[in-house]
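Below are some notes on the model you sent, arranged as numbered points. Please read them with the coordinates open.

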Amino acid sequence: MNALPVARLQFATTTSFHFLFVLLTLGLVTLVAVMQTRWTLGGKPELLRMTRFWGRLYVINYALGIVTGIVMEFQFGLTWTGLSAFAGDVFGAPLAIETLVAFFLESTFLGLWIFGFGRLPRWLHLTLIWLVTLTAYASALFIMLANSFLQNPVGSHVEGGTLRLDDFGALFTNPALVASLPHVLGAALVTGGFFVVGVSAWHFLKRTTEVEFFRRSMRLGVVAALAGSIFVVNQGFAQFGELKTYQPDKLGMSVVGAPLGAMIGLGFLMFLCSIAGTVLLIRNWVTRARFLHYLMVAAIPLPFVAAILGWLVRELGRQPWLVWGKLRTADAIADVPAGQILFSFIAFSLLFAALAVADWVLLARVAKRGPDPAEAAAELPVLSGV
Amino acid sequence: MATFWWCVLGLLTCGYFALAGYDYGVGMLLPGFESGERRRRQTLGALGPFFLANEVWLVAAVGLLFGAFPHLEEKVFAGAYVLVVTLLLGLTTFTASMQLRSRRPDARRGAWTAGIVGGALVTALSWGLFLGNLVLGLPLSPDGSPSGDVLALFSPYAALWGLGFVALFCWQGAAFLAVRGPAELTGRAVRLARAFSAPVFTFLVIATAWGVFALDGVRGFGAAVAGVAFAAFAVARLGLAARRYRVALVGSMVLSACPALLAGTLRFPAVLTAPGYALTAGQAATAPETFAVLAWFAPPALLVLLVVQWLTWRAHRRPVDQRSLLHF
């Protein structure tokens, strides 16, 4: 048995799971931070309840982002040992910084935020959610920086069979990074926006009594989806120009064609939906158009599908190289027997699938239950802040 | 330079075991400690404010391992492939179950509880086996690549460490519950901690005595770490006897950090050994330019982190009570 396809499939599966969760994490935390900011600035009590309800969904989604991230981090050393041997001196730095500066601090701040509800001064608590948001974005920056280095190994040279770092700053101005990072962040915002709009639409379909709550949520979601999709489309096309400078033949590859076309189609569809939603914000038509609400619920998965397609374009188009022009994927795989890799692939795929389904079912149930009633007294012991 | 970063990595790794050890301990003790759902939530809630912060020490340690010692990272995980896979399966199950268990007030939780207990047990066993192998010397091919021999990873010495870690983490978890668990359950936590003292002590004695004969190429650091371990055990035991439970917890945390400390210092400057193979810290290290980049980011991040986590500890040092926010 050949270990290479199994190992590649395993990395692709882990990354796909991870991507699905972190995308919503990034988008949703931004919206929660905006809600809490508006409440802290003297907004209505509705805004605090929104912070709690959407924050609760954010925390459920975050759980699987962490665990899939840990497995990804280990997989470099488990299966792709040739990458550390060849490019570890350069590629290791952004990964180390990501874990230390971003991931480590993000989780610590998130813990403080969860346990600070109603316990910490308002402004301090607000600062915490923004710190969580900023460190989450920093995570995205350093991971995209590391990925862009694999796409286009700038700032380094080959010496004695390994890559040596010349200029760390060059990694930040990598043409593979400058257009793709805003593209991904825009996609995250669209995902968060579509999620909030879709869940709110479901409650309108069920004739919720929380009209004010979901009207405000939906308006915020529509604005986020519009802002995000402008970025996504704009930065998506900006990448075509950049690509010419470092991977000129990528988009001509046959494996890339179908996912690329589907992603662009979905991107425009979501852009048009966001524009339509924004127009319907006039006089709150958007909250009364029942036939549209069905479409909004159905549209929740669209950003996820588009994101996976986009990721396929970027990564399949890199093959057969792991580090573009420098290290082949086939040369980077560890000397571990194929049977052991197959065992771990099956075990992780089953575990992730089970956990992902459980997580999504939980997310759906908590979303359906809606926010806690406004006048509920704090019960003792206090079960949860969010 | 490599020595300095080896110490930073040691700090993160030891910090991880000192802190996360009681997470797994509480996880394994969960069904035996209290069966009522309300009390069970308070038991998990004792961990609450620390849980996320504890677990990410591992993420940071592995990130730094990749950044600072890429040539060790590529050898050590692939070399212990099966153990790292079981470790990750356990860790994933445990971490996800902890975070998702109590998210719906009206839901059944049996499966999540099983995930917490089973995940913690597999994690503890895998860590013991992994570190036991590191101390003994990984079964690698003479050129340092994985030998692919699964059974060699389960040598009797490593198996002893696997079982020893289960006892060690349970003991640490009980000490933690004596400090942070609901006040009315302190007595139960202390009894559990006393009960686990004997297996932990047995593990210490056998692992040390057997190690004296089984290990070669050992430097004086090994004896020093063993000394620290016995001292930490004595402090924790005295703390339990004198009802100074915070002292007992600190002692058990130091003891949990000792195996990683041992694995890191035993043959230093060699940081990874196998029959006929040794990798020194200098060979494992990244290039000087990369260290210079890391030096910009790592110290400020670590400083912020230590301050923030210390404040978290200060804020939640008392046992959970009616007013505590539980979350987990």
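1. Helices (H or I, at least four residues) and strands (E, at least two) are taken here as DSSP runs, numbered from the N terminus. On that basis chain B has 11 helices and two strands, and along its sequence the pattern reads α-α-α-α-α-α-α-α-α-β-β-α-α. Chain A, for its part, has 13 helices and four strands.

2. On conventions, this is a predicted model, in which local features need pLDDT of at least 70 and side-chain atom pairs count only at pLDDT 80 or more, while totals for chains, interfaces and linings use all residues. Residues are numbered from 1 along each chain as its sequence is written, chains are lettered from A and ligands numbered from 1 in the order in which they are written, and side-chain values use heavy atoms, with hydrogens and water left out.

3. As to overall dimensions, the radius of gyration is taken over C-alpha atoms, and the globule rule against which it is set is 2.2 Å times the number of residues to the power 0.38. Chain A has a radius of gyration of 22 Å, close to the 21 Å that the rule gives for 386 residues, so this chain is as compact as a globular protein of that length. Its C-alpha atoms fill a box of roughly 70 × 45 × 40 Å along the principal axes. For chain B, with 328 residues, the value of 20 Å agrees with the figure near 20 Å for a compact globule, and the C-alpha trace spans about 55 × 45 × 35 Å along its principal axes.

4. The interface can be described first by contacts, meaning heavy atoms within 4.5 Å: 73 residues of chain A are in contact with 70 residues of chain B. The buried area, which is the accessible area (1.4 Å probe) that two parts lose on being put together, summed over both, is about 6400 Å² between the two chains, and carbon and sulfur atoms give 75% of it. In chain A, the residues that lose the most area to chain B are A:Phe74, A:Phe104 and A:Phe115, which together account for 13% of what that side buries.

5. How many salt bridges, defined as a side-chain nitrogen of Lys or Arg within 4 Å of a carboxyl oxygen of Asp or Glu, are counted between chain A and chain B? The count is one salt bridge, and B:Glu289 forms a salt bridge with A:Arg164, with the closest N and O atoms 3.3 Å apart.

6. On the side of chain A that touches chain B, α2 (45–78), α3 (81–116), β2 (162–165) and α13 (338–369) each supply at least two residues, and the largest share, 25 residues, comes from α3(A).

7. Within chain A, two strands are said to pair if DSSP finds at least two bridges between them; β1 (residues 156–159) and β2(A) run antiparallel and are joined by four bridges. A:Glu159 has A:Thr162 in β2(A) as its bridge partner. The hairpin of these strands has two residues between them, and A:Gly160 takes a positive phi near 60 degrees there.

8. Some backbone features deserve a look in the loops. A cis peptide bond joins A:Gln319 and A:Pro320, with omega about 5 degrees, and A:Pro320 lies in the loop between α11 (302–316) and β3 (321–323) of chain A. In chain B, a cis peptide bond joins B:Phe268 and B:Pro269, with omega about 10 degrees; B:Pro269 is in the loop between α9 (245–265) and β1 (270–274).
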